[in-house]
Amino acid sequence: MNYKHYLGITLIGISIILYFKNKKLFVYVFVLSLILGIINLIDIYYWNIVFGIGPINFNPMFLALLIIFLVLNKKQLNKMFPEKKLTEQDLINKNVETEKLIESYQRKFQSKPESELKSIAHKNSGYVNEAKTAAQRILETKNVL
C-alpha cells in the first residue's frame with residue numbers, strides 16, 4: 001500500500017460517515033473522491049488498471065463507479081440540484097430586456113436602406129433575433145413588408 005491507498009481509503013471512510021450524518025456533503029465528498037480516482041490521484045483497489053493520455057493517467061474503474069453512482073442517485077441529485085424554473089416576474093423582466101434591445105437596434109437601423117433591412121430581417125441572416133425583429137418592425141412602418 002502507498003499514499004494513494006491511504007488517501008483513498010480515508011476519503012471513502014469520510015464519505016461513509018457523511019452518508020449517515022449529512023447526505024448533501026456526502027455527495028460532494030464522494031464525487032470528489034471518484035474524480036480524484038479517475039485522474040489516478042487516489043486508489044482504493046489492490047489491483048489497478050490505468051491508461052495514460054500524455055502526462056495524465058486515468059483509472060476506468062473509478063469512471064465506472066461515478067457513472068453507476070450518478071445513474072442510481074439521479075432522484076437525490078435532482079433534489080439537491082433542482083432545475084431553476086423561471087418565475088412569472090423573471091419572464092416579464094426577460095421580455096422587458098428583449099424589448100429594450102429591439103428598440104436599441106431600431107434606433108441603430110433607422111438610417112439603413114430598405115435592401116439592407118431586408119437582408120437583416122431574413123431568417124437565415126447571421127443577425128440575432130432581436131436585430132431581425134427590429135429590422136422587420138422598421139420595414140413594417142415603412143410598409144415594405
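H1 and H2 are roughly antiparallel to each other, because angles over 145 degrees count as such. Helices are DSSP runs (H or I, at least four residues), numbered from the N terminus. This is a predicted model, in which local features need pLDDT of at least 70, side-chain atom pairs count only at pLDDT 80 or more, and totals for chains, interfaces and linings use all residues. Residues are numbered from 1 along each chain as its sequence is written, and side-chain values use heavy atoms, with hydrogens and water left out.

| Helix pair | Axes come within | Crossing angle |
|---|---|---|
| H1 (residues 3–21) and H2 (residues 23–38) | 7 Å | roughly 160° |
| H6 (residues 114–121) and H7 (residues 129–141) | 8 Å | roughly 140° |

Axes are lines fitted to C-alpha atoms over the stretch in contact, and angles run from 0 to 180 degrees between N-to-C directions.

H1 and H2 cross in a left-handed sense: the near helix is turned anticlockwise from the far one by less than a right angle. From H1, Leu11, Ile12, Ile14, Ser15, Leu18, Tyr19 and Lys21 take part; they meet Lys23, Leu25, Phe26, Val29, Phe30, Ser33 and Leu36 of H2. Contact means heavy atoms within 4.5 Å. Ten of the residues in this contact are nonpolar, two polar and two charged. Ala, Val, Leu, Ile, Met, Phe, Trp, Tyr, Cys and Pro count as nonpolar, Asp, Glu, Lys and Arg as charged, and the others, Gly among them, as polar.

H6 and H7 are oblique to each other. Their crossing is left-handed. H6 supplies Glu114, Leu117, Lys118, Ile120 and Ala121, while H7 supplies Ala131, Lys132, Ala135, Gln136, Ile138 and Leu139. The contact of H6 with H7 holds seven nonpolar, one polar and three charged residues.

Key. Helices (H or I, at least four residues) and strands (E, at least two) are DSSP runs, numbered from the N terminus. Angles under 35 degrees count as roughly parallel, over 145 as roughly antiparallel, 65 to 115 as roughly perpendicular and the rest as oblique.
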